[in-house]
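Work through the exercises below with the sequence and the model at hand. Each task is followed by a worked solution.

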Amino acid sequence: MEIPPFVVDTAATFTVEVCYASDTVQFLRALQVAPGTTIEQALALSGVAVEVPGIDLATLQTGIYGKKKPLDTPLRPHDRVELYRPLIADPKNARRRRKNPPVTSAS
């Protein structure tokens, strides 16, 4: 009997997580993957592109535990694959504005 390609031998797999968050959506999915699975393959297996409306995987950066990584990076057990949205504001400039608020003149 032939085993369907989507059935994975759990003895030779390990768990990773794929996560994405925006102001309206949070996505977290645990996956069982085979050794040699890449970030790109984990993203496809997770279904994040289907479940999160408007997400464009081609434009988002990826990483593992806060460190940016390319899509062809092989995963290790217990890795958390993260999708990073572009920054809305430069954090350094935002801190400067909070520290030195603009002075308003009273007329």
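## Burial and fold

Of the 107 residues in the protein, 30% are buried (under 20% relative accessible area; exposed means over 50%, and partly exposed in between, with a 1.4 Å probe and protein chains only). The model is predicted: local features need pLDDT of at least 70, side-chain atom pairs count only at pLDDT 80 or more, and totals for chains, interfaces and linings use all residues. Residues are numbered from 1 along each chain as its sequence is written, and side-chain values use heavy atoms, with hydrogens and water left out.

**Exercise 1.** State how many helices and strands the protein has, and give their order.

*Solution.* Step 1: count the elements, which gives three helices and five strands. Helices (H or I, at least four residues) and strands (E, at least two) are DSSP runs, numbered from the N terminus.

**Exercise 2.** Find which residues of helix H1 are buried, and explain why they lie on the same side.

*Solution.* Step 1: within H1 (residues 39–46), the buried residues are Ile39, Ala42, Leu43 and Ser46. Step 2: these residues are on the same side of H1 because they cover an arc of only 100° around the axis, the arc being that of the directions from the helix axis to the C-beta atoms. Step 3: recall that an α-helix has 3.6 residues a turn, so residues three or four places apart point the same way. Step 4: look at the face of H1 turned away from the buried side, which carries the exposed residues Ala44 and Leu45.

**Exercise 3.** Locate the salt bridges and describe the exposure of each partner.

*Solution.* Step 1: apply the rule, a side-chain nitrogen of Lys or Arg within 4 Å of a carboxyl oxygen of Asp or Glu. The count is two salt bridges. Step 2: take Arg29 and Glu51, whose closest N and O atoms are 2.8 Å apart. Arg29 lies in strand S2 (residues 26–33) and Glu51 in helix H2 (residues 48–51), so this pair ties together parts that are 22 residues apart in sequence. Arg29 is partly exposed, because its relative accessible area is 26%; Glu51, at 46%, is also partly exposed. Step 3: take Glu82 and Arg80, where the closest N and O atoms are 2.5 Å apart. Glu82 has 9% relative accessibility and therefore counts as buried, while Arg80, at 27%, is partly exposed.
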